[in-house]
Amino acid sequence: MATLILEDGTTFKGRLFGANASVSGEVVFQTGMVGYPEALTDPSYMCQILTLTYPLQGNYGIPQDEESDFGLSKWFESSKIHAAALIVGEVSQNPSHWSSAMSLDQWLKEQGIPGLEGVDTRRLTKKIREKGTMLGKLVVDGTPEANVPFDNPDQRNLVKEVSMKVRLVRQMPNPSQDVTVDCGIKYNQIRCLCQRGACVTVVPWDHPLDSTDFDGLFISNGPGDPQFCTETIDNVRKVVCVDNPKPVFGICLGNQLLSLAIGAKTYKMKYGNRGHNQPCIHKGTDRCFITSQNHGFAVDPLTLPQGWDVLFTNANDQTSEGIVHNTKHIFSCFFYIKTLTEHLTYPGSTNPEEFVRPRKVLILGSGGLSIGQAGEFDYSGSQAIKALKEENIQTVLINPNIATVQTSKGLADKVYFLPLTPEYVTQVIKNERPDGVLLTFGGQTALNCGVQLTKRGVLKKYAVRVLGTPVASIEMTEDRKIFVEKMEEINEHVAPSEAAVSVEQAVAAAERIGYPVLVRSAFALGGLGSGFANNREELASLVTSAFAHTSQVLVDKSLKGWKEIEYEVVRDAYDNCITVCNMENIDPLGIHTGESIVVAPSQTLNDYEYNMLRNTAIKVIRHLGIIGECNIQYALNPESEQYYIIEVNARLSRSSALASKATGYPLAYVAAKLGLGIPLPVLKNSVTNQTTANFEPSLDYCVVKVPRWDLSKFLRVSTKIGSSMKSVGEVMAIGRSFEEAFQKALRMVDENCVGFDHTIKPVSDEELQTPTDKRIFVLAAALRAGYTVDRLYDLTKIDRWFLHKMKNITDHEKMLESYNQDESAMPLEVMRKAKQLGFSDKQIALAVTELAVRKMRRDWSILPVVKQIDTVAAEWPAHTNYLYLTYNGTENDLGFGDPHVIVIGSGVYRIGSSVEFDWCAVGCIMELRKMGYKTIMVNYNPETVSTDYDMCDRLYFDEISFEVRMLDWWHEGVILSMGGQLPNNIAMSLHRQQCRILGTSPEFIDSAENRFKFSRMLDTIGISQPLWKELTEIEFCETAGYPCLVRPSYVLSGAAMNVAYTDSDLEKYLSSAVAVSKEYPVVISKFIQEAKEIDVDAVACDGVVMAIAVSEHVENAGVHSGDATLVTPPQDINQKTMERIKMIVHAIGQELQVTGPFNLQLIAKVKSKGHFMFLEFQISG
């Protein structure tokens, strides 16, 4: 162990790795995305204790040093580590990368550099941000603190210490001679100069300069205070301050030295600009560039002499980022740029002031929810409407989906509940006469409709301008042949692929490409009609099926087993372009992204790969002319740097919603603004409210997305997953380690799952090789059975890094089980480690109760802390309300004072619980805020509007469970009735812990959810119901007669509810019912055939019904109301029957003292003359 001690006395205790040495220096932080080998070997970090906040330190190991071009190191920026020490949250002990030769821990030991992990880096970053850069010392336990004095590197000439001592020449055939002054130069700067053909002569920092020796002068980066480099300043002044100077370019420290040479002044910044995502605006064009920087001093622009001007300005802190002479070829900046002003202007851009704002905009929604096109488009469409309303633009929405927030009163100015077909949309255009239309916020449905409207000339006829990405760009991404041609124009490659419009053409294409191949449908969503074919017969079958959905199929070379990487990209009309988020599929290529477990940010890419794919993404999106938001997907060879572009989606998607929630960057909102011609740098970061939206978010946490399947609801359906989507929803979990987020996500997907559970599925090599919806639990069983990581990699092709992380969980689970007989013997650190690895109290409990573990944990003060998602990794102040819980931290990011009303969301979308509960939750929050209450939203579904952080006062993106810590904090009450079944399931547990539940009492909720209690209550108050019996004996069915209905308690959407016609049916269905309702009774009732079913929704207050809505089923009873066709108002019910229905509703509302929404279903035999029997009841929205 060791401790980081700051000069103000603040301490950070952690685990020592690397060298066993105590050191001191200046403590700085860097929120950059990747590149710890490059950062540690950057001479600019000389004598600094470097804090890296990005959550992948050590993941890809350290490569063996080797020479690349021009005799320079391929992987490092200098010959050794220059940082004094490294501070991280977590260091990976099991790196995984084809280039890795050793671990980060081993490398630091080899170089004599200590590291400290287990530190709350966010707390440390905030400390430096608020107090400024501080001196610090890392003291190993057992070393007297007084023996390690503070060392201030700003009090000596660090450049002298890092600069080379002899002259070095990199000879090139080009006669152009460049002299480079080494003030702490990085190898990559020499490489860039050589790649441009210059003969580079590198000289020491104090080498005399003579203009006759060079055609151009380059002054490098370096560490420390520039004012110590008096010799360099004097030498530069002699070649710059003359009548006809040679071209001069300075970078970073070189920028400061050039400024001092011409008479300007420099000053020490509060905490410097360090990282890979510093936005800099070019003066004259106003274009914004995302730059890499590392400096602690800045130039005062007010001290520049006449004839000089500012070249770049930091868009966040407004500091000068470069200077330029008005007439001479002399300039400098704090980052590397390729060219001067004439090449910094995008030739196709217009003046923002010339852009004509639309008066009225038509927004095409996505229509009914389907696999691959669900609530994420309600979120993106709602964001677009919000953005347009802020600009005082009238909005018209077409969307027939009634269960959406965007179609609610008060959002869009007009809503048309009409089919999203060219014919209906044309009529709306004719009536409303909009002058703009948004096509990219309604998924593939809206996109296809927009393309058809363009081809038919409708948009041109009525002068409707497509806002954002032009239709031509959309067609480039949707038509595979055109897309391949566009990629070839910029020397980028897609996987070998051919388009076909017949089975014969597809077979011929496969013969040329070679089996196996991937078949995909063009202009399709969610991988519809896609699959892998290993031979001609499989191909013919797949293609024939695909032509049922499309007129064109794509036959691609199979890249199964490669990594799948995705980048979300934003670009405005003036060519400002950023990547907002990159994501990595845990499952290898061959499984649709919607079916795969996904992690953000990527965890196994090294710095070169990350930036290679990032730069390609920007190049591709610029070439295609996309304006707004899009995503690009890659296949990356796990054994090399080879990659192929899979596809570009020129619209918002489910990945866009995930990226928005993962980073806090509102992609849909920003895309809508960009569609109006607003430049990206002009938009503010809505989280910080002071920095620009033209930036790339920094993440100091890890996000894991896990899909949910409901395949058990269907008979004879294959559980195998592949290139076509079957999942109906997804969750997103946030943690400060992969294990923490991963286990959270598994519990979020299924409330009956405790985490990475080895007991759910048995080991099966076949299921590991051929993935199913439950493969992740087969992995858990395999690790428990002793499978090695290498064996699992061979079977699954899941990167070894992820497998090692999963093994960490399994190994710790074994340790926990050793304390089964006596939990009081468990050491504190074992409990703490379990919580940091994402174990729930219930999971730790095993043989004891959850409450016992909870008490022990709290007695030890092992409590979660609340952290903010602020998009900037704490580098800038942010009063964000976007929060999550973690056990990998020591300090809350905010305080708790004012009481709030907590609204519990519905969690993951599943069959029977979807966007309608998001509509309920959002409506509830909005009404509470109107009433003056402060609100907290708890939900973990990235597809929802309720998880949009500006909807409530505080958003907790975390688990919905009894353990959720925030429910212990002071609040005015918790509302459960807006989230469907999931909140109701924890009602009694919360009630027993004296949690105040607003609305219907938990005891009455239990009376409604518990089948036995509810059926008994109906008998007591004299309301008819089919003959029933609690599951105690099968003989009931023989007495009542088949068919019988099996109904478990506390379930939603008829889960495990089945009609049994025989004894064998009954036995099978009872076992399913008991499995989903383990703690509550299962009831069997007589199934009434040939009956009418009535649906009633009502709202009550203290048992008094305030409003009733009655709907009539078209089909006879037996079809679930979620699958039935409903008519309202009812067409076949007379007044007397309606009164009878109302009487039943009032009686039940009064008996259960309902406060809030409730729903019930009644049935009646067709000839029963209004005699109704009670069927079903739910207390929720």
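Student: Over which residues does pLDDT stay under 50?
Tutor: This is a predicted model; local features need pLDDT of at least 70, side-chain atom pairs count only at pLDDT 80 or more, and totals for chains, interfaces and linings use all residues. Residues are numbered from 1 along each chain as its sequence is written, and side-chain values use heavy atoms, without hydrogens and water. pLDDT is the predictor's confidence in each residue, from 0 to 100. It stays under 50 over residues 338-342.

Student: How many contacts beyond four places in sequence does the model have for residues 338-342?
Tutor: Contact means heavy atoms within 4.5 Å. Where pLDDT is low, the predicted coordinates should not be read in detail. For residues 338-342, the number of such contacts is four.

Student: Which strand has the lowest confidence, and at what mean?
Tutor: The chain averages a pLDDT of 89, and 95% of the residues score at least 70. Helices (H or I, at least four residues) and strands (E, at least two) are DSSP runs, numbered from the N terminus. Confidence is highest in strand β8 (residues 114-117), at 98. It is lowest in strand β51 (residues 1173-1178), with a mean of 72.

Student: What type of aromatic pair do Phe289 and Phe312 form?
Tutor: Rings of Phe, Tyr and Trp (its six-membered ring) pair if their centres lie within 6.5 Å; planes under 30 degrees apart count as stacked, over 60 as edge-to-face and the rest as tilted. The structure holds 22 aromatic pairs. In this one the centres are 6.0 Å apart and the planes at 85 degrees, so the type is edge-to-face.

Student: Where in the chain do Phe289 and Phe312 lie?
Tutor: Phe289 is partly exposed at 22% relative accessible area, whereas Phe312 is buried at 0%. The two are 23 residues apart. Phe289 lies in strand β16 (residues 288-299), Phe312 in strand β17 (residues 308-314).

Student: What is the angle between the planes of Phe1012 and Trp1028?
Tutor: Phe1012 is in helix α31 (residues 1011-1021) and Trp1028 in strand β43 (residues 1028-1030). Their pair is edge-to-face, 5.8 Å centre to centre, with a plane angle of 70 degrees.

Student: Over which ring does the charged end of Arg800 sit?
Tutor: A charge sits over a ring if NZ of Lys or CZ of Arg is within 6 Å of the ring centre and within 35 degrees of the ring normal. For Arg800 the distance is 4.0 Å, and the ring is that of Tyr793.

Terms used:
Buried < 20%, exposed > 50% of the residue type's maximum accessible area, 1.4 Å probe, protein only.
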